[in-house]
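Please consider the structure shown below. The paragraphs that follow lead through a surface region, a helix with its surroundings, and a group of aromatic side chains.

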Amino acid sequence: NNLIVLPAIYAELTRGYFLEHNEAKYTERRERVYTCLRIPKELEKLMLFGFFLCLDAFLYVFTLLPLRVLLALIRLLTLPCCRLSGSRLLQPAQVCDVLKGFIMVLCYSMMHYVDYSMMYHLIRGQSVIKLYIIYNMLEMADRLFSSFGQDILDALYWTATEPKERKRAHIGVIPHFLMAVLYVFLHAILIMVQATTLNVAFNSHNKSLLTIMMSNNFVEIKGSVFKKFEKNNLFQMSNSDIKERFTNYVLLLIVCLRNMEQFSWNPDHLWVLCPDVCMVIASEIAVDVVKHAFITKFNDIPADVYGEYRASLAFDLVSSRQKNAYTDYSDSVSRRMGFIPLPLALLLIRVVTSSVKIQGALSFICVILFYLGMITLKVLNSIVLLGKSCVYVKEANMEEKLFQSPPSTVPSRESSRAHRSKHTHEPEGMLASIISQPTHQPECTASKLPTSESDQFLTTPDESEEKVLIQDGTELIHRAPKKDLLEIDRFTICGNRID
């Protein structure tokens, strides 16, 4: 027995192996580790860029939109006096600005009938578990409102600016306008309930509700990392995370304003709120990093894909400054990320006007200086974003797509793939085309509605899915083409699901 056991023990002690015999496997494992280590940096670069994109669209509502509405109204009042026959009263962009302004004014007057204090005490009287369920329901309702809200606003803008020579197939501008007002008002109420619930969580003595709400972010990891993700699905999730992070920052600002008002703007109370605010922000960042790191690991997605996502978002900003631009940049952000700034801006205006009392000439001077400061911040932010966007578009070799004319007709689902216009204008330099203002093209008898493929909610099969077509008894197998990143918006169905 000893003669058998001793050699076996010696063999086990001296047994060796060489990892280079399977070099490809271990190299792949090492690259996965390096990819996970790169994810936080690449993800936060995308998040930072997307945050300033949302900030730019958000500041536009407070700064440039009132000035554009004022200029449009001045033109509307002075143009009949100039006796310019044949000219339009307002350009399509001015019509959209006036509609946005009227929506904001009407919804703001309606928000005065909503008592924030009563809502706060009503929510505070509920149990912790009930509030947790309500908060989750509000998050789901916010996504549903955002998905349908931008369609309502786009329908209103197109109905109001559609050429008169065309046969109209709509219910009229007034019904569309009323639907838009109702949507913005209800969405603002929804966000107000979210902010009130968060405020109750901050003011609770044992912080149990705040802890449960933060743990809900970690539940999101369980529901995401163990699913199959394609590049388009991850792009949608990244856009959703950008929108969610920016919205949470605004909600935290509203909570701080309401609490500071209750404590007579005592600066010492701000330091009491800082630990909870930092804890919420840190949990959001940690959850996003862990979620994206494991999604890219399990689906073999390289970290460089976030550079492509950043270039796609930059392309939206640069293309909105082109001569053939067919949408405002804030509307483009709404479609791409699901971030609609009107309800959130309406709620912030309501909270600020109720929290800050303006009395005396000095207060008015401070308000004017604050408004001029916001305009300066908006302009500087736009300049920096435009410069960065041009760099990102150039690095991604997407300059030629900037000069492609948008489709001149509304394509059907089948013909849009077969008859896609590929005519391009002669490039005159990216920055020269960006600085130029959009020009109005002459109308013709054909339909001239410029559309984007990102506006069409098409089901995009995964790369592994194949479609079998039976024609005249013969079976034809072809693979469905994958959609480009520029064709993916926040609520496009990719891979049979919306992430």
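In this predicted model, a nonpolar patch on the surface is formed by Trp 265, Val 352, Val 356, Ile 358, Phe 364 and Val 367, which together have about 510 Å² of accessible area. One member of the patch, Val 367, is found in helix H14, which covers residues 361-395. With a relative accessible area of 38%, Val 367 is partly exposed, because this value lies between the limits of 20% for buried and 50% for exposed residues.

The interior can be approached through helix H8. Buried positions in H8 are Leu 209, Leu 210, Met 213, Met 214, Asn 216, Asn 217 and Ile 221. The partners against which the buried residues of H8 pack are helix H6 (128-161), helix H7 (173-203), helix H9 (231-262) and H10.

Within helix H10, which spans residues 267-298, lies Asp 276. Is Asp 276 buried or exposed? Its relative accessible area is 11%, and since buried means under 20%, Asp 276 counts as buried. Apart from neighbours within four places in sequence, Asp 276 is in contact with Phe 202, Lys 207 and Leu 210. Of these contacts, Leu 210 is also one of the buried residues of H8.

The structure holds 13 aromatic pairs. Among them, Phe 58 and Phe 62 are arranged edge-to-face, with 5.0 Å from centre to centre and 75 degrees between the planes. Both residues belong to helix H2 (residues 23-62), where they are four residues apart, about one turn of the helix. Phe 58 and Phe 62 are both buried.

Phe 58 also pairs with Phe 339: the ring centres are 6.5 Å apart and the planes stand at 55 degrees, so this pair is tilted. Because Phe 58 lies in helix H2 and Phe 339 in the loop between helix H12 (329-337) and helix H13 (341-355), the pair ties together parts that are 281 residues apart in sequence. Phe 58 and Phe 339 are both buried. These residues belong to one aromatic cluster, formed by Phe 51, Phe 52, Phe 58, Phe 62, Phe 246, Tyr 249 and Phe 339.

Conventions: Residues are numbered from 1 along each chain as its sequence is written. This is a predicted model: local features need pLDDT of at least 70, side-chain atom pairs count only at pLDDT 80 or more; totals for chains, interfaces and linings use all residues. Side-chain values use heavy atoms; hydrogens and water are left out. Helices (H or I, at least four residues) and strands (E, at least two) are DSSP runs, numbered from the N terminus. Buried means under 20% relative accessible area, exposed over 50%, partly exposed in between (1.4 Å probe, protein chains only). Contact means heavy atoms within 4.5 Å. Patches are made of residues with over 30% relative accessible area and no salt bridge: like charges are joined within 9 Å, nonpolar side chains (Val, Leu, Ile, Met, Phe, Trp, Tyr) within 5 Å. Accessible areas come from the Shrake-Rupley method with a 1.4 Å probe; for residues, only the protein chains shown count as cover. A salt bridge is a side-chain nitrogen of Lys or Arg within 4 Å of a carboxyl oxygen of Asp or Glu. Rings of Phe, Tyr and Trp (its six-membered ring) pair if their centres lie within 6.5 Å; planes under 30 degrees apart count as stacked, over 60 as edge-to-face and the rest as tilted.
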